[in-house]
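Colleague: Could you walk me through how to read some local features of a model, starting with the aromatic rings?

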Amino acid sequence: MTGMHPQRWYELLSQERDVVLEPEGPEDPGIDYAVVWKQPPGLLKRLPNLKVIFSIGAGVDHILADPELPDVPIVRVVADNLTQHMVEYVAWRVLDHHRQGMLYRAQQRDKIWHEPPQPPAEAVSVGIMGLGALGQAAAKALHALGFSVNGWSRREHRMEGVRSFSGEAGLTPFLNATDILVVLLPLTPATEGIIDYSVLERLRSDGPLGGPCLVNAGRGRLQREADILRALDDGTLKEASLDVFEREPLARASPLWAHPRVFVTPHAAATSDPAHLVQPMLAQMAAFERGENLKNLVDRKAGY
Ligand code: NDP
Ligand code: OXD
């Protein structure tokens, strides 16, 4: 196995399997499964008997970035524990923008006793870009909180209480109807840089929050940070919560750190917890060896 704090993964996987950490040497015929996060390019190609690649995360851009990736199935993470963390993060950030947390924190700092008008949740439209495992769970929770919820994805989805938009044709109507944009897309050639100025300027500008807000917990390279700063500074965008960045860790020199209307977290929205993810991985290995189908497979052509 390789990547993200491997020790705990190693200990838990070792309870049932022989595990080697990031194999050295030209070829390792003994390895059937690779459990990876941002593996060095070319590493997996050197494993002649590799049968399945398991991603430690829900996103697989870090795996597909390897130009020499062997042609074996890739399994990604879909797990209640990870989904719950993401739902919490999205609900937290949406409620904070909705309930004017940035304004209240500034008022508290300056000891200002002032109650601004507060629109009800039903007047606020949250648009979720990416209506997959995480986007659908977030949509359900936001709907339960009373928000008006829309989703945008490649294909249309039927979900109670959620209006579904899809594809290129659905993008502008989706954005035009959105007060808080939540990004839960995977990073693929089709989505890289999608959150640019032209997207931000199509968000609803006359909504009840006094301007649109952005929440990105998908991937940093979905966004153009220079465009986000420009949109914040010219009033196109009211506020942003960013968990992911074009380059991570976010450079100390980035103006996002100190921007009064940006909330920064260090790619912490939904961290993969080996205590919850290793058992399902081991179960999939056993099922695969019994000839059963693998679950949560990546569609390499689509890139996610
Ligand atoms: P899924 O694969 O289940 O869902 C992806 C969604 O994005 C689908 O609805 C898909 O459409 C949509 N999509 C993909 N490409 C396009 C496109 N070109 N145009 C429109 N819609 C598109 O992924 P998850 O929900 O499990 O995870 C989403 C992402 O969240 C991950 O890829 C990862 O990058 C990120 N993540 C971030 C974490 C963090 O801590 N910040 C933690 C975990 C994940 P369709 O439904 O039609 O297939
Ligand atoms: C993931 C992540 O993709 O942690 O799971 O970002």
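Modeller: Rings of Phe, Tyr and Trp (for Trp the six-membered ring) pair if their centres lie within 6.5 Å, and planes under 30 degrees apart count as stacked, over 60 as edge-to-face and the rest as tilted. This is a predicted model, in which local features need pLDDT of at least 70 and side-chain atom pairs count only at pLDDT 80 or more, while totals for chains, interfaces and linings use all residues. Residues are numbered from 1 along each chain as its sequence is written, chains are lettered from A and ligands numbered from 1 in the order in which they are written, and side-chain values use heavy atoms, with hydrogens and water left out.

Colleague: How many aromatic pairs does a search of the whole structure find?

Modeller: The search finds 5 aromatic pairs. In one of them, Tyr33 and Phe54 have ring centres 6.0 Å apart and planes at 65°, so the pair is edge-to-face. Helices (H or I, at least four residues) and strands (E, at least two) are DSSP runs, numbered from the N terminus. Because Tyr33 lies in strand β1 (residues 33-36) and Phe54 in strand β2 (residues 52-55), the pair ties together parts that are 21 residues apart in sequence.

Colleague: At what angle do the axes of helix α3 and helix α4 cross?

Modeller: Axes are lines fitted to C-alpha atoms, for helices over the stretch in contact, and angles run from 0 to 180 degrees between N-to-C directions. The axes of α3 (residues 80-98) and α4 (residues 101-109) cross at roughly 65° and come within 6 Å. The contact (heavy atoms within 4.5 Å) involves Arg93, Asp96 and His97 of α3 together with Gly101, Met102 and Arg105 of α4.

Colleague: Which residues come nearest to ligand 1?

Modeller: A residue is near a molecule if one of its heavy atoms lies within 4 Å of it. There are 28 residues around ligand 1, of which Arg76, Leu131, Arg155, His157 and Tyr304 come nearest. By class, 15 of the shell are nonpolar, 8 polar and 5 charged, where Ala, Val, Leu, Ile, Met, Phe, Trp, Tyr, Cys and Pro count as nonpolar, Asp, Glu, Lys and Arg as charged, and the others, Gly among them, as polar. A polar contact with a ligand is a pair of N or O atoms within 3.5 Å; a polar side-chain atom of His157 lies 2.6 Å from an oxygen atom of ligand 1, and a polar backbone atom of Ala270 is 3.0 Å from an oxygen atom of this ligand. Taken alone, ligand 1 exposes 940 Å², of which the protein buries 93%, with accessible areas from the Shrake-Rupley method and a 1.4 Å probe.

Colleague: Which residues are around ligand 2?

Modeller: They are Trp37, Gly57, Ala58, Gly59, Arg219, His267 and Ala270. An oxygen atom of ligand 2 is 2.7 Å from a polar backbone atom of Ala58, and an N or O atom in the side chain of Arg219 is 2.7 Å from an oxygen atom of ligand 2. The protein buries 90% of the 210 Å² that ligand 2 exposes when taken alone.

Colleague: Which residues does a cis peptide bond join?

Modeller: Most residues other than glycine have a negative phi, and most peptide bonds are trans. Here a cis peptide bond joins Glu248 and Pro249, with omega about -5°, and Pro249 lies in the loop between β9 (239-242) and β10 (262-264). Lys111, although not a glycine, has a positive phi of about 55°, and Lys111 is placed in the loop between α4 and β4 (125-129).

How values were computed
A polar contact is a pair of N or O atoms within 3.5 Å; within protein, one must be able to donate a hydrogen and the other to accept it, and residues adjacent in sequence count only if both atoms are side-chain atoms.
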